[in-house]
Amino acid sequence: MANLRHLLPYMARYRLSLLIGLCCAIIGATVSTLSPYVLRLAVDELSTGTILLSSLTRYGGLLLIIALADGLFKFFQRMLIIGTSYAVENDLRRALFARYMQLDQSFFSQNHTGDLMARATNDLSAIRQLLGPGINGSATALFTFSAAALLMLFVNVPLALIVLLLMPLTTLIFILVGNRMRRTFTKVQDQFGTLSTRVQENFSGIRTIKAYAQEEAELAVFAADNAHYRTLSMRYMVLSGALWPLMTLGLGIVAALVLLVGGRLVVAGQLTIGQLAQFNAYLVMLSFPMIMLGWVVSLVQQAAASMDRLLEVLTRKPAITNPEVAIPLPHPRGEITLEGVGVRYTSERSDDRLSPRPAWMLHDISFHVPAGSSLALVGATGAGKTTLVNLLARVRDPDAGRVLIDGIDVRQLDLANLRRAISYVPQETFLFSRSLRENVAFGVDQADHAAIAHATTVSCLANDLDQFPDGIEAMVGERGLTLSGGQKQRVAIARAVLRNPAILVLDDALSSVDTHTSAQILTQLHELLRGRTSIIIAQRAATVRDADQIIVLHDGQIAEHGTHNELLQLGGHYTAMCRRELLEAELTD
Ligand SMILES: Nc1ncnc2c1ncn2[C@@H]1O[C@H](COP(=O)(O)OP(=O)(O)OP(=O)(O)O)[C@@H](O)[C@H]1O
Ligand SMILES: [Mg+2]
């Protein structure tokens, strides 16, 4: 529960609203305790039998004015306190999203999307419930309780003591039942995260599910998860349902005692009927704070559980951060050097006892790519090519050795500068549900028409634009076009070209494009790449043969290194690859 103190800085920003809200709560609570006093005066006058119609009307009017004033103050109290809770929720959600944006790739591969979504929705809403209705309710409860308790003592001390000593017993019920509620609530939230992840994965993977006719199987797993969610929710419901009746029972016992003891005092002449009526009115007033207390206890517990989950994200340090003294790189030349670079398998994977693997995914990699030249990377699937190029823009950092751009260790460079210097066309293209133009111009502030046209020509995307109803303005994704694999890759190439980078990295970015178009793109890229550094990962010799140097990765190490002709002389992996390709070409002919 101590973790809730992390909310204080967020609330401090709105302290003025909160303070005025709390003042309204104090005034409202004080005003509302006046009505039992008016009631007492009226009852006492009535019991003497000498009351005038005019004074009855006066008491009635007073009660009306008290109710009006009470309502007015409660309105402002609600507005200010609940309004603050929405503002804090807004700030927290922004901080959470900002942290999500800062975190590195490893974080996202460790956490499920549904779970990350649940934190930004359900957990935040549990916290808002505490800050809004929770604080609002406890303020009313606290001040009403204090005022009513004080006035009760004025009326009759022994009777007040009975009430004030017995009432807290009901609080005990909450602490006992509440603890169980908290534990169950955490389980409910976790299960909801699992459920969301499953739904989200099913939507993204709907094509695969249908292709493998797995609808029924997925439905069965979903039904089981859903049923488990229901079971947990029911358990929570039973606990929270039992809470109220137990409360009411406790309050009933106190009310019975007051009637018994208070009645005897009236008979003995130590208490007027009016005072007993006033006392009973306070008792009713007190039962509200007691019920409120129970509710707030459960809110606090839910919010504490949710805060734990939020803090897991908010306090997590990104693995990759901008260095404290960052060296700017405003005009990168694009020289790349790797010195004895090694990358380990991440720990969770090497723990995998069923399939013991070597500790190093990449080992002792050194090479130099002069500014403006080209390097081709080839190697079997899983050889570590993607991992290697990920080191350049610091998607991850190496576990050994150094990566240098223009002779400076990338860990010393300003991260934004570094990333702007490199355009990366990933192996798996991701397009946003926006127009083609916006997808191409992603990350470029002001892209003029000519630049976009140039980029789409280089990537040969222009060839396909006529097919789309709105050309470059066509919408992509959920409510728009479904592009072919090759079309997506060309959008990604156009996106990379438009950024006008010093270093261009193509990670198998022509794999889904036919050989003819691929050759066309390469020729045009060749023009563009003059004076730029490029790294091209490819599976086809045709794509890599013209590179200034070719590296063959094998078992995480550099197996062969040289030009096309040099590697052919070696008669190793590269020669075998070229031969295979020739054979395939002959077979297809
Ligand atoms: N985040 C990660 N954590 C742990 N292991 C990883 C991670 N990413 C990749 N690997 C492993 O590292 C190895 C190299 O992967 P990488 O993606 O670099 O291969 P690749 O050469 O690009 O293969 P492909 O040609 O299929 O794209 C693989 O065995 C892969 O399973
Ligand atoms: Mg790869």
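User: How many of the residues of strand S9 (residues 549–554) are buried, and what makes S9 count as mostly covered?

Analyst: The model is a predicted one, in which local features need pLDDT of at least 70, side-chain atom pairs count only at pLDDT 80 or more, and totals for chains, interfaces and linings use all residues. Residues are numbered from 1 along each chain as its sequence is written, and chains are lettered from A and ligands numbered from 1 in the order in which they are written. A residue is buried if 20 or more other C-beta atoms, placed from the backbone, lie within 10 Å of its own, exposed if 12 or fewer, and partly exposed in between. In S9, 5 of the 6 residues are buried, and the strand is mostly covered.

User: Why is Tyr424 called buried?

Analyst: Tyr424 has 23 C-beta neighbours inside 10 Å, and therefore counts as buried. The residue lies in strand S6 (residues 422–425); strands are DSSP runs of type E with at least two residues, helices are runs of H or I with at least four, and both are numbered from the N terminus. Tyr424 touches Ala393, Ala496 and Val505, not counting residues up to four places away in sequence; contact requires C-beta atoms, placed from the backbone, within 7 Å.

User: How do you know that S6 and S7 are paired?

Analyst: Two strands pair if DSSP finds at least two bridges between them. S6 and S7 have 4 bridges, in the parallel sense, with Ser423 opposite Leu504. S7 also pairs with strand S8 (residues 533–537) in the parallel sense, over 5 bridges, and there Asp507 stands opposite Ile537.

User: Which residues show that both faces of S7 are covered?

Analyst: On one side Ile503, Val505 and Asp507 are buried, and on the other Leu504 and Leu506 are buried.

User: Which strands pair with S9, and in what sense?

Analyst: Strand S3 (residues 374–379) pairs with S9 in the parallel sense over 5 bridges, and Ala376 has Ile550 as its bridge partner. Strand S10 (residues 557–562) is joined to S9 by 5 bridges and runs antiparallel to S9; Ile550 stands opposite Gly562 there. The hairpin of S9 and S10 has 2 residues between the strands, and Asp555 takes a positive phi near 50°.

User: Why are strands S2 and S5 said to stand at the edges?

Analyst: The open sheet has 4 strands in the order S2-S1-S4-S5, with antiparallel pairing. Strand S2 (360–369) and strand S5 (408–409) each have a single partner strand, so one side of each is left without a neighbour in the sheet.

User: What makes a set of residues a nonpolar core, and which members touch the most others in the largest one?

Analyst: A nonpolar core is a set of buried Ala, Val, Leu, Ile, Met, Phe, Trp, Tyr and Cys residues joined through C-beta atoms within 7 Å. The largest such core has 69 residues, of which Ala376, Leu377, Val505 and Ile550 touch the most other members. Helix H17 (residues 485–498) gives the most to this core, with 7 residues. Apart from it lies another core, of 49 residues, including Ala25 and Met247.

User: Which residues come nearest to ligand 1?

Analyst: Thr381, Ala383, Lys385, Thr386 and Thr387 come nearest, of 14 residues around ligand 1; a residue is near a molecule or strand if its C-beta atom, placed from the backbone, lies within 6 Å of it. Helix H12 (residues 385–390) supplies the largest share of this shell, 3 residues.

Key:
Contact = placed C-beta atoms within 7 Å.
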